[in-house]
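Have a look at the structure first, and then we can walk through it together.

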Amino acid sequence: MNDTPTLTPAESAVDRAGAGGAPRPARSIPEHIVEVISDSGEGAQRCGQSLAAVAARMGNGIWTTEIIPAEIQPPARSVAGASGIRIRIGSQRVTNGGDQTDLVVAFNEQVLIGRVQAHELKPGATILLENMWRTHRDPAVVASYVKTVDALRRDGFDVHEVPLEERCRELVSDPRRGKNMFVLGMLCNLYGLDDALGREQIARIFGKKDDKVIRTNVALYEAGAAWGDANLPFRYRIPAQRSSQPQIVVNGNTAIALGVIASGMDICAMYPITPATSASHYLSEVFEKVGGLVHQAEDEIAACAFAIGASYAGKCAVTITSGPGYSLKQEAIGLAVMAEIPLVVVNVQRGGPSTGQPTKVEQGDLPAAVFGSHGDAPKVVMAPCSIEDCFYSVITARKIAETFGMVVVVLSDASLSTAQQPFPRPEFSEEWLAPPVDQTPVPAGAKPYDWDPVTGLSRRFQPGQPGGMHTLTGLAHDRASKVAYDPSINEEGLRARSLKLAALQKTLKPPPVFGGDSGDMLLVGWGSTMGAIEEAVTRLRADGLAVSSMHLRFVQPMPSGIREIFKRFRHVMTIEGNWSDRPDDELIDEDNRRYSALAMMLRARFLVDVDCWSEARGQPIKPGDICGAVRESMKRKGLAS
Amino acid sequence: MNRSLTQCVIKLHEEHHALEDYQGGVPRWCSGCGDNAILAAMQRLCSEEDLAPENTVFVSGIGCSSRLPHYMKTYGFHGIHGRAFPVAEGIKMARPDLNVFVSTGDGDCCSIGAAHWIHAIRYNMNITVVLHDNHVYGLTKKQASPTSPRGFKSNTTPYGATLAPMNPLTVTLGVQGASFVAQGVDWVPEALYDIMLAAFRHRGFSFVRILQRCPEFMPKAFDPWLHDPQRTMLLTHRDGLQLSPSLSSAYRNQLAHDPLDIDRAREIASVDDPIPVGVLYRNPDAPCYEDLRHAGQMRSPEYIRAGLNRELDKYTVWPDEAAQTERAA
C-alpha cells in the first residue's frame, strides 16, 4: 500500500456542507448522471474517473461510460471530437450508464453540440460551460459560442458559464492541463463529496510525480471547489451507504487482466487492437511481477498460435482480442478444437463487420464465437454481464478450458472495457489456479485421445511425460492421434468433441429469473446489457407490467431449464446490441427477417417464437430505450395500454 | 551439450536412446523424396545427442515437409499451414527445457508463414528449424512456390513461373537478430548431418535450408548439380563444416568461410550456382527471447496470491487499510 496515500476518515467530512461558508440548501436526490466533455487531451476522462472514484469511496454506487472519439487527435473544438466521460452516481448499486445526463461540464460549446444532437442530455439539463470562448480573439469562435449558448437557453437548458480558463490561469501557465482538476473540485463541492478524498485522489493520480505537481493540482481542485461554492446556485447530495465488504473499483478490461492473474495462467499472447488492448497494457505492467508473461505477437494469428503452443506444452494460455482479430484467429481456434488443446480467447467486442466501429460497443460477434471456424468446431462461449463478472469469467474459463480440453471464448465488449463499477474485493482462492503441469509417466498402452464414451473427455498428454509421445494433429485422428483414413473414425472424433459440450452443460445451473417467475413478457439478454435490462424490468413492473428478464452467462452450451422458464411467459423477446431486421421495413417479413443472434439460437433450440429488439448504435443500450421498446411490443400484443 | 567423458559414459549406461527410439510411423513420402534424407539425419541427430524423446517436440505446419513429426517417436505438433513458428515459440516460452524443432517447407515458411518466419528470426528463440526446400508445392500437387525457378511450369503457372525465386538464405540473413543460417543438400547426407548437428548445438534460432528433391513434380530440378560435384561448394571452417577425407575428395569445390562474418555470409548466400553448403552465419552472442523474457519461472500459489493482493490493494476503495490504521491510532 505504499503508493496509497493516507485517507482521512470520511465520516468527518460527510457533513461538509456549509463548512466554512454559508450553507446553501443541498437537494437530496437518489442519483445523478454527470458528464465531463472536452477536446481530446484536456483530461475530461481523468476528471470524471476521479469524481467516480471519490463517489465510490464515499459509498455511492457508480457506473462510468467513456465517450471516446475515433481518432487519437481529432481537431479541436469539433462536434465529432468530443472526448469525455459520463458518471452515473447513485445511492444504491448502479448497474449501467442510465438514460440521459442531468448535468454536464463542457470545455467548449462544440463538443456539447454533438451530445445535444444525440439526445444524450435530459431536457432542461444543467450545463456548466467554459466561458473563455465568449471573449476569444477569433470573432467566428465568439459568434459560434454566443449562438450556441443562446440556442441552448432557448431550448430550456440551464446554462451556467464558468471561467475555467481565467481562474486556472491564476494558478498554472497552461490551463489546458489544469482545468480538469479545477472541474473535479467544483463537482466534488457541488455533490458534497469529501474534500479530503478529493485531494487524496489527486495524490493517487500524480503519485509518481513530485510534490509540486500534486500541490499545484490540489490548488486547482480547491479553487474549483471555492468557485463552485461561491457561484453555483444549486447543490446536491446523493446519500451514500458504505458496504460492509471491502470494495474495489476497476473497469472491465482491468478486471479481465486481474482475472488472468488470479486464474494462474502464465502466458497471454496478444496483438494490439481496440478496445481490447488496455487489458494487455495493464497485464504487461503487472503480469511479470507475478511470474507471468505478455507476448506481443507479430499478428493476431501468431498470438493465437503462440497461446496454443504454450497451452499444449504447459498451462492453459490466453489470447485477448477484438472482432477483426477474432476473425483472423478462427483457423487456429479450429486447430485447438480439433486437437483438444485448452485455450481461453477473450473477445472485447466492438462494432463490425470489418473495421466497423473500433471504439464503440456492439454484441455482433456471438455467431462468430459460437459457430466460427470451418467444420464442426464446438467451443464454450461465456459472456460476462458486469465488471465483477469480467474478473470471475476468466477464472471459470481457464478452469473449463483445462478440464474439458476446450476453447473457451469470453465475450466482453467495448462498454464493459472502460466502464467502472465497484464490486466486492475478491478473496483469492487456490482453487482458482491451474494445477502444476503433469509430468508423470503415462501408463503403457494409454492413448492421447482415449475418449470417454459418455462425456467425450480424454486425458491430456503433455510434453515431458515419459511414454506419452504422440504427434498431435489438426487432421482427423483416432484415439492414438494417428491420422484417420477410416470414415467411422472421423465421426468418433466429432462425437467426442461435441459430447464434451453436453458434459459441461450438465453442470450448469438454470439462469435465475429477475422480476416475477411468470408473466406476459420475458426479456432475455446476454453480456454487458444485464444492468440496463434489469433496470428496465424494475421500471416496467413498477408501472404494473408483468415483465421479467433472464440473463445468459453461458451462451454455448446453454444451461438446462430455459425451456421450462419460457413456458411460464406468454412472450419472449431478446434484448441485444447487434443488428436485427426491422419488421417495419418494406421487404422484411417472417420468411426473411434476420433476427438477432441470441434470438435465432433460442428459436432454433426451443421452437419458441422468440422476438428480438436490438440496437447497434455503438452506444450502451439505455434502460429507458428498453422500456420504450417493450411497452411498444406489449401494446401491439394488447398487453399494455 | 558439452558433457564430460564420465557423464557421457554414465548416460550411455543409464539412458542411451537407440535410433529406433526415434523412429515413428513408416514415412508416406514418395520413394526418392529428399525428405527421407532429412528424416534420417534428424533421427540420427536425436540419437547421437541422446535427446530424451519425451522432452523433444517436433512442430510443423502443413505440406510434405510437415509430415515429419509423424515419423518421429517424440512429441509432435502437426498444426496448421504456415503457423509452425508461433506454435513452436509458445511451446518454447512455456517450457524452455524442451528441445523444440520446426520442420517446414518452402510454401509453409516462405509463403503463407512468411510473416512468422521474419519475426521468428527476430525473436531468436532456441529452436532448430529445417526448411525442406524443393521449389514446389507437393502435397497439393504441383503449384509454383516462392522458391520455384522462373519459367517453372506448374498447374498454376502453365506458361512458366513469371517471378524470380525468393532466396530464403538472404532473407534470413537480412533480418535483425539472425543468429544461425546454414544450407544443406539432400545429395550430400554426411554434410547435411553435420550442418543439422551444428544447428541444434547453436543456442538460438537455427535456420537450415535444405535443398531437397521432389521426384514427383520436379524430378530434374537439381540434376545439373548432381551430375557435377564442382557445382556444390562446401563452406569449411573450424567453427563450421569440417570435411572427412572422403567428402573432401568427392567435393573439391571448397571455400574457407568464417561464420562470424555476416557480410561475407550475405555474399555467399546470394550465389545460387555453385550451391553453397555449410554454415553461413553464426552469432553465438545473439540474445534469446525466452531468456530476455525470463521464461519458465516457478510460481507458487503464495506468490500469485501476494501479487494479486498487491494489485487489488491499488483498487480497493473501501475500507482503506491505511485509513483504518490511522483512525485506530
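This is a predicted model: local features need pLDDT of at least 70, side-chain atom pairs count only at pLDDT 80 or more; totals for chains, interfaces and linings use all residues.

**Where the chains meet**

- Chain B brings 53 residues to the contact, and chain A brings 62 residues.
- On the side of chain B that touches chain A, at least two residues each come from β2 (75–78), α3 (84–94), α5 (114–123), α12 (301–315), β12 (316–318) and α13 (321–328) of chain B.
- Of the elements on that side of chain B, α12(B) gives the most, with 11 residues.

- Chain A holds an open sheet of seven strands with mixed pairing, in the order β11-β10-β12-β13-β15-β14-β21.
- The edges of this sheet are β11 (293–296) and β21 (554–556) of chain A; each has a single partner strand, so one side of each has no neighbour in the sheet.
- On average, neighbouring strands of the sheet are turned by 25 degrees against each other, direction ignored.
- Inside the sheet, strand β14 (residues 380–382) of chain A pairs with strand β15 (residues 407–413) of chain A in the parallel sense, over three bridges.
- For A:M382, the bridge partner in β15(A) is A:V410.
- From the other chain, α3(B) packs on this sheet, where it touches β10 (267–270), β11 and β12 (317–321) of chain A.
- The direction of α3(B) makes about 155 degrees with that of β10(A).

**Domains of chain A**

- Chain A is divided into domain 1 (24–237), domain 2 (248–432), domain 3 (438–507) and domain 4 (513–636).
- Taken over C-alpha atoms, the centres of domain 1 and domain 3 of chain A are separated by 58 Å.

**Chain B as a whole**

- Chain B contains 13 helices and 12 strands.
- Its C-alpha trace spans about 90 × 55 × 40 Å along the principal axes of chain B.
- Of the 329 residues in chain B, 50% are buried.
- Among contacts in chain B with a separation of 6 or more, 66% join residues 24 or more positions apart.

Conventions: Residues are numbered from 1 along each chain as its sequence is written. Chains are lettered from A and ligands numbered from 1 in the order in which they are written. Two residues are in contact if their C-beta atoms, placed from the backbone, lie within 7 Å. Helices (H or I, at least four residues) and strands (E, at least two) are DSSP runs, numbered from the N terminus. Domain bounds come from an automatic or database domain assignment. A residue is buried if 20 or more other C-beta atoms lie within 10 Å of its own, exposed if 12 or fewer, and partly exposed in between; C-beta atoms are placed from the backbone. Two strands pair if DSSP finds at least two bridges between them. Axes are lines fitted to C-alpha atoms, for helices over the stretch in contact, and angles run from 0 to 180 degrees between N-to-C directions.
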